[in-house]
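Biologist: I am new to this structure and would be grateful for a close look at a single part of it. Please treat the strand pairing there in a connected way.

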Amino acid sequence: MRAYPAIEDHGLIGDLQTAALVTRNGTIDWFCAPRFDSPSIFGALLDRRRGGYFSIVPDGIRYISKQLYLPDTPILITRFISADGVSEIVDFMPVTGERPTDQHRIVRIINMVRGSMRFRAECCPRFNYGRERHELEMHADGAVFRAPSATLTLHASHPDGRLIPIENLQNIDGDLLAFTTLQEGDTGAIVMETAGTEAPRRFTAEEVQALFEFTRDYWRRWLDRSRYTGRWREMVERSAITLKLMTYAPTGAMIAAPTASLPEEIGGTRNWDYRYTWIRDTSFSVHALLGLGFTDEAARYMTWLDERIREAGDHAAPLKIMYRVDGSSDLHEEVLDHLEGYMGSGPVRIGNGAADQLQLDIHGEALDAMLFADLQGIRTSHQVWRSTVRMVDWLCDNWNQPDAGIWESRSHPRDYTFGRLMSWVAMDRAIRLSARHGRPGDVPRWVRERDAIYNQIMLRGYDWNRRSFVQAYGEQVLDAALLIMPSVGFVTPSDPLWQSTLQAIDKDLVSDSLVHRYKPSEAPDGLPGDEGTFNMCTFWYVAALACSGRLDDALLTFEKMFTFSNHLRLYAEEIALTGQQIGNFPQAFSHLSLITTALALDELLDARHRG
């Protein structure tokens, strides 16, 4: 690869156990297998020289490229347009099912639509984040790359013989370089397979077409289950597909993003591995999934969450803030010094050292999801309820202590208002769940602790000089996380304390409709550098505006936010001052908050139209 593509210049494909990123010029520069959190096979996104990639691009001509998804699917079409012709690469991953497997396929179909075009293909894997050398075996109908920990097999398909003439294949120090010229009407494919059990073979055109139709039909049947009929159908449905792509089918757990160490500031050091399941993020996703009618997905996640609650309750311990998709919690953080990082933005980190932080708020998100699911008919078992009671009792003993906060500060623990707010939510939802089904628990104590939290936040969490609820007690730092205070029912939107808080956030954290989570210069978080605006916070801001009587402002801000999505309607974690997307990509929290905000706006707009 000659240069780093922009983060937003990518599309996402996946098979519900892992995923890959494809650039606008037809290069796969990120792919981990066999799971989202496995070592990378292609990782040029984090080091263009050492990371590895698989590119298929026009050779020796001037062209422009365009990308789109086949409607209602994550099948990605990359189009190359030149004076000499038009061609397409169709990339997809056939869905693997709910059993964990090491075998995953990426299918790359090449179609020559008009004229003729010469292509250059390079397959340069770098196994285990580029830490393992490999050997290349050339075969009549493909190739095999072998490394100590993994294999990668390329199978070819061409209806009229060889897709690439044998004399145009080269082994360049273990990497495959190939050239071919296609004429109008020509089509072929490369089927790339991890952990293949057979030698490279020629796939028939019918086999490739069957894989394409199977993938297309699976996704269209899945999307047909959506009951969303609101104003932003294309954005909402693309977000739903993206969230589904980031869900690990064997357990139902959703990762925060399929990438690791994409920077929150180009050249900065705020680079984290997001290929894990955050309790907070995925609990919020329950609202989005159930709001769209995807009950099965929400139920699968709740089953996964129930197991984590049982583990915590059985050990009289708090929930971990994040887990691997299989529920394990060993996320040892490691720096890959041999990789330079995206555009030189090191260090490259895998694992996540924040996994063992105390973050009190996650119990509130978990209990809120449990209640919302219960209202939709997804009830927990007796055993899970017993564990829930033990977890809530633990929180009663421990909510009044400093923690690391929602933003995972690596500085000293503080008395975060958001942690107290969501502890209040945890108590409140536990009380409601007990009352709904007459289930046992120390409800009188839960009520006392809930009310104590409420009074403490009102006494210490609001700064009368700043005229706002603040990030931590005794400080004047604003925090966009507090934008959800009305939506969780802690304050009414018309409350003067809330109205003044919203005005303060308007003034200090909002920049042309985009929202900073806080100002790092005012709230040292143990890390150098700055960051962009947080997409999730912007969507929360839209919802806060809407419920606070500023519906027209909310609508305009929401529409502005759409201009910051990429060409495929995907969002990273943040937006830089330049308008570029930064941070891990695509980000689940961005897409799930888009969905829940769209649902809320639709309801309010419908109510206004009804008078």
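Modeller: The following account concerns strands β6, β7 and β8 and how they pair.

This is a predicted model, in which local features need pLDDT of at least 70 and side-chain atom pairs count only at pLDDT 80 or more, while totals for chains, interfaces and linings use all residues. Residues are numbered from 1 along each chain as its sequence is written, and side-chain values use heavy atoms, with hydrogens and water left out.

Strands here are DSSP runs (E, at least two residues), numbered from the N terminus, and two of them pair if DSSP finds at least two bridges between them. Strand β6 covers residues 64-69 and strand β7 residues 76-81; the two run antiparallel and are joined by 6 bridges. Within this pairing, Gln 67 has Thr 78 of β7 as its bridge partner. The hairpin of β6 and β7 has 6 residues between the strands, and Asp 72 in this hairpin takes a positive phi near 70°.

Strand β7 also pairs with strand β8, residues 85-92, in the antiparallel sense over 6 bridges. Strands β7 and β8 form a hairpin with 3 residues between them.

Conventions:
Helix = DSSP H or I, 4+ residues; strand = E, 2+ residues; numbered from the N terminus.
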